[in-house]
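Colleague: I would like a close look at one part of this structure. Please keep to what can be computed from the coordinates.

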Amino acid sequence: MKRALCVLLCLLCALSVLCGCRPRRQVSVRESEGVKIYYIRKDEEGRKYIDYERRDIKSTNLQGRVEEILAALKTPKSKGAYLEVPEHIGFNEITLSGNVLYLDFSRSYRYLAPEPTLIISTLICKSLLDDGIAEYIKITCDGEHQPPLYNGYIHQGKLHTDEKMYIE
């Protein structure tokens, strides 16, 4: 009898530890509804890394949706966001053909330095691919192929980043 009572008490203690003492799950802004809008954040040491916030995109047509995502990229609401997409970056043409989204940037995109070009194209492509508008993205500027892939397409699998990917 004593043995059964001890086993029962041990089981009750184990259950109370497992159920009652676990930390409560906090719902962050990142888990809410909306499209992931990627931006650059600086940590306490000043190092930059890619992060995201969720934003509601209201447009339903292709042109409006892409423009709204670009506008959200230029104005992140998260505390500590480091603006990387300049205000003067825009699109000449946005076309969807099958599962490929063609982005023809305005002339100002061509004059960006290589590092900002790579960062900006990554932020834009990750945000647009997360929205599910297309499976692939092709970047041009005034009709000419642009980095990071001059003759290729950008696919979600090529833009995989770790939880914190620091940028030098």
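Which residues does Asp 104 touch, not counting residues up to four places away in sequence?

Modeller: First, the basis: this is a predicted model, in which local features need pLDDT of at least 70 and side-chain atom pairs count only at pLDDT 80 or more, while totals for chains, interfaces and linings use all residues. Residues are numbered from 1 along each chain as its sequence is written, and side-chain values use heavy atoms, with hydrogens and water left out.

Asp 104 touches Phe 91, Asn 92, Glu 93, Thr 140, Cys 141, Asp 142 and Gly 143, where contact means heavy atoms within 4.5 Å. Gly 143 is 39 residues away from Asp 104 in sequence, but their C-alpha atoms are 6.4 Å apart. Asp 104 itself belongs to strand 5 (residues 100-105); strands (E, at least two residues) and helices (H or I, at least four) are DSSP runs, numbered from the N terminus. Asp 104 counts as buried because its relative accessibility is 11%; buried means under 20% relative accessible area, exposed over 50% and partly exposed in between, with a 1.4 Å probe and protein chains only.

A search of the whole structure finds 0 disulfides, a disulfide being a pair of cysteine sulfur atoms within 2.5 Å.

Strand 5 also has a part in covering helix 2: what covers the buried residues of that helix includes strand 1 (35-42), strand 2 (48-55), strand 4 (91-97), strand 5 and helix 3 (114-131). Among those buried residues are Val 66, Ile 69, Leu 70 and Leu 73.
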